[in-house]
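Colleague: I've got a model open and I'd like to learn how to read its backbone angles and its aromatic rings. Can you walk me through it?

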Amino acid sequence: MDLKTFYCEIGGNYEETFKRFMTDERILKFVRKFPLDGSFALLKTSLAEKKVEDAFRAAHTLKGVAQNLGFDRLFVTAEKVTNILRGGSLEVDALMPELEELYNLTITAINNL
């Protein structure tokens, strides 16, 4: 799979990402590092342990990485979760299935690159 197909598959923005990174090789370098980022796992653990500050930091990191890499659909949902957690609420259960689905879709697509 090429990068344009990858970005189309995950609902991302290849063109904007290319403007930031300037080469496909640089994009690939950082996209391939995404599965190593522990933010999503930390988010889930922090929510289960009801640690709102840790959950907020994890969601905020996931949101930022997704935005920087042009993973637009993942970014939008991570931003919603971040905003709820920012207010000190753990009421993100309704958004977590969508976030997990988008995260898993992204990881699967990266593994197919």
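Predicted model: local features only at pLDDT ≥ 70, side-chain atom pairs only at ≥ 80, totals over all residues.

Colleague: What is the phi of Lys50?

Modeller: First the general idea: most residues other than glycine have a negative phi. Lys50 isn't a glycine, yet its phi is positive, about 60°. With a relative accessibility of 63%, Lys50 counts as exposed, because the cut-off for that is over 50%.

Colleague: Where is Met22 found, and is Met22 buried or exposed?

Modeller: Met22 is in the loop between α2 and α3 (24–31). Its relative accessibility is 59%, so Met22 counts as exposed. Met22 also has a positive phi, about 75°, although it is not a glycine.

Colleague: On to the rings. How many aromatic pairs are there?

Modeller: Rings pair if their centres lie within 6.5 Å, and by that rule the count is nine. Take Phe6 and Tyr7: their centres are 5.1 Å apart and their planes meet at 85°, so the pair is edge-to-face. Both residues are buried.

Colleague: Why is the pair of Tyr14 and Phe18 tilted?

Modeller: Their planes are at 35°, with the centres 5.8 Å apart, so tilted is the label. Both lie in helix α2 (residues 14–21), four residues apart, about one turn of the helix. Tyr14 is buried at 11% relative accessibility, whereas Phe18 is partly exposed at 32%.

Colleague: Which residues form the aromatic cluster?

Modeller: Phe6, Tyr7, Tyr14, Phe18, Phe34, Phe40, Phe71 and Tyr103 form one cluster.

Key: Residues numbered from 1 in each chain as written. Heavy atoms only, no water. Phe/Tyr/Trp six-rings, centres within 6.5 Å; stacked < 30°, edge-to-face > 60°. Buried < 20%, exposed > 50% of the residue type's maximum accessible area, 1.4 Å probe, protein only. Helix = DSSP H or I, 4+ residues; strand = E, 2+ residues; numbered from the N terminus.
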